[in-house]
Amino acid sequence: MRKKGKEFAFSFLAYFFLILMLIPALWIIFTSVRPEVEVNAYPPVWIPKKLTLEKYQQAFFSPGVGEQAVPVRDYLRNSLIASLGSAGIALVLGTLAGFAFSRFDFEGRDTLFLFVLLSRAVPGIALSLPLFMLFVRLKLLDTLEGLSLVYIAYNIPFMIWIMDGFFREIPKDLEDAAQIDGCTKWQAFLKVELPLCAPGLSASGIFAFLMAWNEFQLASVLTRSLSSKTMPVGLLEFTSEFVMDWRGMCAMAVIMFIPAIIFTFMVSKHLIKGLTFGAIK
Amino acid sequence: MIREKYLPALLITPSLSIILFVVAFPLAFSLYVSFTGYSLLTPGSMVFTGGENYVTLIHDPVFWQSLKNTVIFLTIAINTELFLGLGIALLLAREIKGGRILRTLFMIPMMFAPILVGFQFKWFFNDQVGMVNNLLYTLHLIEKPILWLIRGDLAMLSILIAEIWRGTSFMIIILTAGLMALPKDPFEAAEVDGASGFQKFRHITFPLLSPFIYIAMAIRSLDIATAFDLVQIMTGGGPAHRTELIWTYVYRLGIIDTKFGLGCAMSYVTVIISVVFAYYLFKQLLKTRG
């Protein structure tokens, strides 16, 4: 009986913390579908009494209408291009490099590996100033190509880190067996090791996507107009000195975090495995 | 075979060249700029001024304040995240109803863009329309609005809460994975020896879990600078530099005041801090990878 009570207490605590952590997210969803009167109502209306999709409609179908209209559709397109493009390229390049780091023993390997990882530790804000000056000269400022290039560099180190871990999990015997059967190391990679790493690929690809999807520091300095501004930068437009379009902002926030949530749930198991590789002996 | 010998170089070169172009080269360039008096609005100002910018920073009280604020901010945030994360992970690693879904739902804050977290908490802590004050009113705990983001000490507390909300989720995920992967034998042995719950935690769980704590810390260390996003939105470093962090100060000097030379010097401070921190953690981590 006592044991049961204890278990109940633990479950209760766990759910309590969950609700505490989810309240902010729920509040954003609620606000995005509330009518305007409820937002500034006093006493506050906690659970929305009426639902309206007005702000979503505005976000997608009527950019340019009304003084507060933010071209969410353009920002969504830019975000998708920059995130998918950079994640895809980083995935290919990072996997190749990760394979080299995990399967070959060459001079300076560990130093190079550390160098690559540390390049990721450089804060975006510190890079934004020189990149801005450089991009002005190279005509890359305010282009999706320029932004994507930065995101590729930003994502490669992490990709290498995760893929190196996955490749190390694959027994080397498999590769040796393939080589005995007449495959070169490269063929063994393509036909044996790569397919086995599919879960790792999907997890790290989505991780890279999310990194670019949520990035703000570099995008805020390197993008200027509709042609390259991404959603995190676009969020700023809902706020001005005196007015704040909370509902519009919340609708955009929901549009931003829905893909993030779906993708992460899809690969959460592999992602955790990739991140914690090497911790269990 | 010759091809096999050059294969690793061939595989790494594309990645490495992009990193060199986007990270290493700009950093070298900004090192140069940091020794000039370059200002975006003054043409011809990119002239060598020696270490003047660095001297300016050393004599700048705001620089020291931003450094102090950053140390306080990171120490409190990371320790609280670790403590809360471990506590909640210990709950989640038990067999509770709906455990799998529960563990997944705890990932949600982690997926929020830091900029979004900033907006969200700026709004919650707004003194007029914020949820926090509204809640306190409704419960009759306060009569006058609390100026969360306007009073210095409370502003620091507010940005800390936002950062902890975001970071704890990640700690929970990694530590829960760690707890669930721990071997069962040591615990059974301890049970036989009559160890108490706390003893088991102190002498078995914690040491076995420490590699996971390292991993969580190392990955967090790559991302701590994203705290910039939320602080920039919530307070912009204000009031009166009370929440100024090294990253928001780079933005203030470089982007707002357009003093690129000084901004680049300041950005070097952030680079060195981040890289040293990450170097230490990853060095430890790479030992386990072998």
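Among contacts in chain B between residues at least 6 apart in sequence, 68% join residues at least 24 apart. For chain A, residues 24 or more positions apart account for 76% of the contacts with a separation of 6 or more. Two residues are in contact here if their C-beta atoms, placed from the backbone, lie within 7 Å.

This is a predicted model: local features need pLDDT of at least 70, side-chain atom pairs count only at pLDDT 80 or more, and totals for chains, interfaces and linings use all residues. Residues are numbered from 1 along each chain as its sequence is written, while chains are lettered from A and ligands numbered from 1 in the order in which they are written.

## The two chains

Chain A comes to 13 helices and zero strands. Chain B also has 13 helices and zero strands. Helices (H or I, at least four residues) and strands (E, at least two) are DSSP runs, numbered from the N terminus. Read along the sequence, chain A follows the pattern α-α-α-α-α-α-α-α-α-α-α-α-α.

The table sets out burial and extent. A residue is buried if 20 or more other C-beta atoms lie within 10 Å of its own, exposed if 12 or fewer, and partly exposed in between; C-beta atoms are placed from the backbone.

| Chain | Residues | Buried residues | C-alpha span along principal axes |
|---|---|---|---|
| Chain A | 281 residues | 47% | about 75 × 75 × 30 Å |
| Chain B | 290 residues | 44% | about 80 × 75 × 30 Å |

## The interface

The contact between the chains takes 78 residues from chain B and 72 residues from chain A. On the side of chain B that touches chain A, helix H1 (residues 2-33) of chain B gives the most, with 16 residues. By class, that side of chain B divides into 58 nonpolar, 15 polar and five charged residues. Ala, Val, Leu, Ile, Met, Phe, Trp, Tyr, Cys and Pro count as nonpolar, Asp, Glu, Lys and Arg as charged, and the others, Gly among them, as polar.

## Domains of chain A

Chain A is assigned domain 1 (1-52) and domain 2 (65-275). The bounds come from an automatic or database domain assignment. The C-alpha centres of domain 1 of chain A and domain 2 of chain A lie 32 Å apart. Their contact takes seven residues from domain 1 of chain A and six residues from domain 2 of chain A.

On the side of domain 1 of chain A that touches domain 2 of chain A, helix H1 (2-33) and helix H2 (36-39) of chain A each supply at least two residues. The largest share of that side, four residues, comes from H1(A). That side of domain 1 of chain A has three nonpolar, two polar and two charged residues.

## One helix pair

Two packed helices are described by the angle between their axes and the distance between the axes. The axes of helix H10 (residues 198-214) of chain A and helix H13 (residues 246-275) of chain A come within 8 Å and cross at roughly 130°. Axes are lines fitted to C-alpha atoms, for helices over the stretch in contact, and angles run from 0 to 180 degrees between N-to-C directions. H10(A) and H13(A) are therefore oblique to each other. Angles under 35 degrees count as roughly parallel, over 145 as roughly antiparallel, 65 to 115 as roughly perpendicular and the rest as oblique.

H10(A) passes H13(A) in a left-handed crossing. A crossing is left-handed if the near helix is turned anticlockwise from the far one by less than a right angle, and right-handed if clockwise. Among the contact residues are Ile206(A), Phe207(A), Leu210(A) and Trp213(A) of H10(A), and Phe263(A), Val267(A) and Leu271(A) of H13(A). The residues of the contact of H10(A) with H13(A) divide into 11 nonpolar, six polar and no charged.

## Two residues of chain A

Arg120(A) sits in the loop between helix H5 (109-119) and helix H6 (124-138) of chain A. With 26 C-beta neighbours inside 10 Å, Arg120(A) counts as buried. Not counting residues up to four places away in sequence, Arg120(A) touches Tyr154(A), Pro157(A), Phe158(A) and Leu222(B). Arg120(A) and Pro157(A) are 37 residues apart in sequence and 6.2 Å apart in space, C-alpha to C-alpha.

Leu76(A) lies in helix H4 (residues 72-103) of chain A. Leu76(A) has 19 C-beta neighbours inside 10 Å, so Leu76(A) counts as partly exposed. Leu76(A) touches Met231(A) and Ile255(A), not counting residues up to four places away in sequence. The C-alpha atoms of Leu76(A) and Gly124(A), 48 residues apart along the chain, are separated by 22 Å.
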